[in-house]
Amino acid sequence: MTAVRPPFDETFARPAPPEQVDRTAAGLEARGFAVHVVETADAARKVVLDLLPTDRSIFTAGSETLRLSGLAAAIDESPEYRSVRRELAGRELSIPEQIRMGATPDVVVGSVHAITEDGVMLAASGSGSQLGAYAASAPTAIWVVGAQKLVADLDTALRRIRTHSLPLEWDRVQRVHGRPSTIGKILILERELMPGRGTVVLVRAAIGF
């Protein structure tokens, strides 16, 4: 059966208005996440780099937000940080071994595909390789999220993933790997119970999928 690109909803590309960003930030804080609200991707990059330790392993989850903000390069190409991806590039490991290293870093830096106004975050993945670190296995988790990913409720968040994030990722994977993309797993982050573990950097501009 030939895979068919999912329908695309462009309305999810518009950044949320300032008041919705502020409501979402309050919702995240009420659920146990630390929140930084910034105006630009450059400002987000500075916040994250200032938060990162130089003596602990850091895994950059596959993310257009990290790529476009320059965070992926700033972490993975700098000797200042202990990049898991840089370490993986220098070793011959099986796929399960690579996934295991990415699943248990000291710090994971990534993004999510949607956040509801009351602070629930959703991240979709084909393999699920980054979701364990997002959920619990990384002692520190940092997410950078553009304002176009802020939505009213859980139903809208799921619709955004399927009709906006997935078609864009489909195009990217086709372009890079010559195959379609798919959603294998969706993680819903409703609350962070470990004080200081999870930080969300909200960018008032649009960035990423």
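Thr60 stands opposite Val109 in strand S4. Thr60 belongs to strand S2, residues 57-60. This is a predicted model, in which local features need pLDDT of at least 70, side-chain atom pairs count only at pLDDT 80 or more, and totals for chains, interfaces and linings use all residues. Residues are numbered from 1 along each chain as its sequence is written, and side-chain values use heavy atoms, with hydrogens and water left out.

S2 and S4 run parallel and are joined by 3 bridges. Two strands count as paired if DSSP finds at least two bridges between them. Strands are DSSP runs of E with at least two residues, helices are runs of H or I with at least four, and both are numbered from the N terminus. S2 also runs parallel to S3, through 2 bridges. There, Ile58 stands opposite Ser83. Both faces of S2 are covered. Ser57 and Phe59 are buried on one side, Ile58 and Thr60 on the other. Buried means under 20% relative accessible area, exposed means over 50%, and partly exposed lies in between, with a 1.4 Å probe and protein chains only. In a regular strand the side chains alternate between the two faces of the sheet.

Ala34 stands opposite Thr199 in S10. His36 has Val201 as its bridge partner in S10.

Ala141 has Gly198 as its bridge partner in S10. How enclosed is S10 by the rest of the structure? Of its 6 residues, 6 are buried, so S10 is largely enclosed. Gly198, Val200 and Leu202 are buried on one side, and Thr199, Val201 and Val203 on the other.

Next comes the nonpolar interior. In soluble globular proteins, nonpolar side chains tend to be buried together. A nonpolar core is a set of buried Ala, Val, Leu, Ile, Met, Phe, Trp, Tyr and Cys residues joined through side-chain atoms within 4.5 Å. The largest one here has 28 residues. Leu28, Ile115, Met121, Tyr134, Trp143, Val200 and Leu202 touch the most other members. Elements that each supply at least two residues of this core include H1, helix H7 (131-137), S7 and S10. Tyr134 is in contact (heavy atoms within 4.5 Å) with residues including Ala61, Val108, Trp143, Leu187 and Arg197, leaving aside neighbours within four places in sequence. Apart from this core lies another, of 16 residues, among them Ile58, Leu66, Ile142 and Val144.

Some residues sit at the surface. Lys46 is in helix H2. At 53% relative accessibility, Lys46 counts as exposed. Glu77 lies in the loop between helix H4 (71-76) and S3. Glu77 is exposed too, at 65% relative accessibility. Not counting residues up to four places away in sequence, Glu77 touches Ala72 and Arg86. Glu77 and Glu190 are 33 Å apart, C-alpha to C-alpha.

Finally, step back to the chain. Its secondary structure comes to 8 helices and 10 strands. Of its 209 residues, 47% count as buried. Among contacts between residues at least 6 apart in sequence, 81% join residues at least 24 apart. The C-alpha atoms fill a box of roughly 45 × 45 × 30 Å, taken along the principal axes.
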